[in-house]
Amino acid sequence: MVAAPAIAQSVRITIAPEPLDRALTSLARQSGFDIISTEPGLARIQARGVRGQMAPREALQRLLDGTGYRAVAIDARSYRVVRAPKTIGALIRRVAVRRHADETEPGGDIVVTASKQGSTLLRFPGSALTIGGFAPGSLAARSVTMDDVARDTPVLQNTELGEGRNKIFIRGIADSSFNGPTQSTASLYFDEVPLGFAGPEPSLNLYDMKSVEVLEGPQGTLYGSGAIGGIIHLEPNPTDLAKTAASLSAGVTLTQGGAAGYDAAGMVNLPILKDRVGLRVVGYSERDGGYITDSMRRLGNINRADRIGGRASLVIAPGDGWSIELGALGQKIDAADGQYAETMSGPLERRSVLAQPYSSHIKLARGVVRKHWDSGLDLVSATGYVDLRTFDTFDASRTIGATGPTVYTTEQSDKLFVQETRLSRAVPDKIGWLVGLAFLEDRDVQARTLGMPNQTRDIIGVSNRTDSVSVFGEANWPVTERLTLTGGARVTAARTDGEPSVTPRSNSFVKGRATRRIDPTLALSWLVGPRLALFARVQSGYRTGGLAVASGVGRVQDFGSDSITVGELGLRKQRTGATGLELTVAASYARWRDIQADLYTRRGQPYTSNIGNADIIGLEATGDWVPVRGLHANFAFLYTHNVVDGPLAQSSTKANRRLPETPAFAGNAGLSYRWTLRDASILSIATSGRYVGRSVLGTGDFLDVSQGNYAVLDAQIAWHWHTFDVTLAGDNLTNATANRFSLGNPLILASRQQTTPLRPRNVRLGVSVAW
């Protein structure tokens, strides 16, 4: 592209409809801006004509609207044109009436940013899902969390102990329903920084989030330990260096027989120095109204939960392809009581002596430096620090040995420091590559107390420190125009040291262990037709071991690392126009060895152990059919068959020797339609249903308690006018009374009477505005 010497704030632009590459060249000549791109396919995109007196940036935006490309500011007079990601697939039910990606002109590709090389979804050699609809101005923008996403995405499973203390699993790679010192099976990332190492996921509010990407695992080559099930990548909306913007959203939720709830959120984007420095700030507050009754304490709606938090991002673009981003986030969840009921009391009722509040607090600080060269070379260096704390209270008054009101508390503190630097190059039709170096330091502390309220005493807990250094690399080789091979490996040296909080009865445990691993990957993508590709992949992953509380009071023991190898084969079809079918189908087989699991004894005491091996077969599919513009019919399902082999599993009947939280079948389906009214406003309606099959709470005869096996129906109507939106959404319209999760208080688990009921029929009225 070429440029004239002068720069004008507002110039006369005259560009006729023509191929995009020629239109960008014409704009550069007329405006005096440098406009560059290494993207293929610009000549195949027909750009609209642009005429009139306007700022060059506005003219560039008009040219790129609907093309599938976007402009990235390099400095005050230079822009780089790159592919623009868009969202697809089965979206969660609360975002079913978003602006569909197919309503733009065809030609753009969905970009999988979590691949670390910006691979297009069509040619990504593995199972991946992109979920969107959280941005301000979206018809569905509201307070949504990862718990909501997991409940409505069949490939994800989650526990239901309460927001801020749930665990998320991907494609049935589930170890345990309980929280403990084991590393997570699914790594959750905010931009370039993981949100934790061990323990529950923090249930961040996703307001103003650009998208959520799920890369099914393992992802050991690119992400290291703890990604044996895959990774979940939260991509926030970027800071706009040129335009001031803001948004507000608020809603009220009414629950049948329960307390009202509310949510409010806002965003402000401020260019401090145009095209050079910008700030984006997000804040939110919400309350989930309770619906559980405690008949012993004569209290209603006890399971109220409050969430408050925010995040900020400061971006500096000094020019010459450099950018620096400094960000922070904080969130606090406080729940007044547990959300479980007991079948002997009623579907929404229980009896307890004491309140059982819990809390979750997270703080994150991050810094990301990026540099792009015109040759296609990219440098990314990310540093992050995460402090995640959870505090749980359980009523121990009904346990053996209790002589009155007794309380049991657990506190988990996870402090994580990470640094990763990588260099990559992606040039069309040439070998693309990535190399990187990563360092991780994590300190996880488990503390416990037991006793009468206000007179508790410390009981044995553990601390684990993990240090890890990894070198990794991956390359994509386009053998032909249609066939691309991918290969890579990660070499890791890690060490974990454990220490009990008090002197244990026995010192027969390993205080430290070293791990050295090589995790390779081999994959291919074959373009068999226009917008139709086959993919295959084999990859491995692992989790570190550590020290944990052992079965019995006053004991600790070590647990070893586990490992997994997965092979998958799939097909991905994308629409070639505004109508048609998008479809992804994949089959997988996993070999999981020496599975780590956090468990409980019959007396309600926690322990951690390697419980055996499992073989997992999976079949999954997502589809979105648009027979006519505006009408969408979508579906998604996951079928899994797994068998756990080990002494603990063999204590159960053969039908219950399964991994926890993994129903044999889960699926959803939805139908939505949107049309434009005479006043140019948009009206949308949507309905969806989901089914979750039967699963078990855990491995072994003590934990093979049934849960799941229910269906839920939801609906939503939305109206959009300019930047103003109104939504009315109803959840659980049939008022189903099923059991999501058979746990609330582990100390009375032996009663097998606990249930986590679905929230009764509820309706939310929401409004939002963006400008």
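Mentor: Start with accessibility: buried means under 20% relative accessible area, exposed over 50%, and partly exposed in between, with a 1.4 Å probe and protein chains only. Keep in mind that this is a predicted model, where local features need pLDDT of at least 70, side-chain atom pairs count only at pLDDT 80 or more, and totals for chains, interfaces and linings use all residues. Residues are numbered from 1 along each chain as its sequence is written, and side-chain values use heavy atoms, leaving out hydrogens and water.

Trainee: Why does N301 count as partly exposed?
Mentor: Its relative accessibility is 29%, so N301 falls in between and counts as partly exposed. N301 is found in the loop between β20 (293–294) and β21 (305–319); helices (H or I, at least four residues) and strands (E, at least two) are DSSP runs, numbered from the N terminus.

Trainee: What is the phi of N301?
Mentor: Near 50 degrees, a positive value in a residue other than glycine. Most residues other than glycine have a negative phi. N709, in strand β43 (residues 706–721), also isn't a glycine and has a positive phi of about 60 degrees.

Trainee: What makes helix α1 roughly antiparallel to helix α2?
Mentor: Helix α1 (residues 20–31) and helix α2 (residues 56–64) pack at about 175 degrees, their axes 11 Å apart. Axes are lines fitted to C-alpha atoms, for helices over the stretch in contact, and angles run from 0 to 180 degrees between N-to-C directions. Under 35 degrees is roughly parallel, over 145 roughly antiparallel, 65 to 115 roughly perpendicular and the rest oblique, so α1 is roughly antiparallel to α2.

Trainee: Why is the pair of F178 and Y600 called tilted?
Mentor: Rings of Phe, Tyr and Trp (its six-membered ring) pair if their centres lie within 6.5 Å; planes under 30 degrees apart are stacked, over 60 edge-to-face and the rest tilted. The centres of F178 and Y600 are 5.0 Å apart with planes at 55 degrees, so this pair is tilted. The two residues are 422 residues apart in the chain.

Trainee: How do you know that F178 and Y600 are buried?
Mentor: F178 has 3% relative accessibility, so F178 is buried, and Y600, at 10%, counts as buried too.

Trainee: And what makes Y189 and Y223 edge-to-face?
Mentor: Their planes are 70 degrees apart, with 4.9 Å centre to centre. Y189 lies in strand β13 and Y223 in helix α4 (residues 220–223), so the pair ties together parts 34 residues apart in sequence.
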